[in-house]
Amino acid sequence: MLKSKNFEWFKSKTVYQIWPRSFCDSNGDGIGDLQGIIVKLGYLEQLGIEVIWLSPVYRSPMDDMGYDIADYFNIDPLFGSNADMDELIAQAKMHNISIIMDLVVNHTSDEHPWFTEAKKGLDNPYRNYYIWHDPVNGGAPTEQRSFFMPSAWTFDEASGQYYYHLFSNRQPDLNWDNPQILEEVYKIMNFWLARGVAGFRMDVIELIGK
């Protein structure tokens, strides 16, 4: 018989958020990294830390400090490599510390392959991964503002349509009305769960419904 999983296990744990780039620099390049976190695991264990919530370390052009993800399956070279991440997970477990990754699925970077494909044409299979709209009265479809810019819409001259972004125009929003998005997110989660992470903190998850 299958045992039910405890999905609220973290509520009884002491969780510590780490912003990697400013935590500990192991190689002297001025940017904190995964090896720097590994060096400090003993110290964190002594503090009573049981879970590390790791701010985004995925490959990114860093338009929004890593919250614009261009590759969900690889660590950005600024912070190390996938091998470094594997080592962090394994070493953390030896110190009785679990790793939770920050996962951003409201939007991607405009450099993500899904978006570069989507921009190739209205009939591209990735077009519906994002939110597009024809102009209205010669301008943006609505007057909605983004958190970072005067408008939540940016015009794509090649296709004659606008794409939607709640944050930077380099962070196009994913279209959660497309069931394929959920399947893609499952793949991302399962990839990192298989490597040993304990779970995910879902960034701005309350905003995925449009």
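1. Two rings of Phe, Tyr or Trp (its six-membered ring) form an aromatic pair if their centres lie within 6.5 Å; planes under 30 degrees apart count as stacked, over 60 as edge-to-face and the rest as tilted. By this rule there are 18 aromatic pairs. One of them is W9 with F10: the centres are 6.1 Å apart and the planes stand at 90°, so this pair is edge-to-face.

2. The structure is a predicted model, in which local features need pLDDT of at least 70, side-chain atom pairs count only at pLDDT 80 or more, and totals for chains, interfaces and linings use all residues. Residues are numbered from 1 along each chain as its sequence is written, and side-chain values use heavy atoms, with hydrogens and water left out.

3. Buried means under 20% relative accessible area, exposed over 50%, and partly exposed in between (1.4 Å probe, protein chains only). W9, at 23%, is partly exposed, and F10, at 35%, is partly exposed.

4. F115 and W132 form a stacked pair, 5.8 Å centre to centre with 5° between the planes. Helices (H or I, at least four residues) and strands (E, at least two) are DSSP runs, numbered from the N terminus. F115 lies in helix 4 (residues 113–118) and W132 in strand 6 (residues 132–133), so the pair ties together parts that are 17 residues apart in sequence. F115 and W132 are both buried.

5. The charged end of R127 sits over the ring of W132, 3.4 Å from its centre. The rule for this is that NZ of Lys or CZ of Arg is within 6 Å of the ring centre and within 35 degrees of the ring normal.

6. Which residues of helix 3 are buried? They are N82, D84, M85, L88, I89 and A92. Seen down the axis, the buried residues of helix 3 fall within an arc of 155° (taken from the directions from the helix axis to the C-beta atoms), so they line one face of the helix. On the other side of helix 3, A83 and M94 are exposed.

7. The buried residues of helix 3 pack against several elements (contact means heavy atoms within 4.5 Å), among them helix 5 (179–195) and strand 5 (98–104).

8. In strand 5, six of the seven residues are buried. Two strands pair if DSSP finds at least two bridges between them. Strand 2 and strand 5 run parallel and are joined by four bridges, with I99 as the bridge partner of I52. Strand 5 also pairs with strand 9 (residues 199–203) in the parallel sense, over five bridges; here D102 stands opposite R201.
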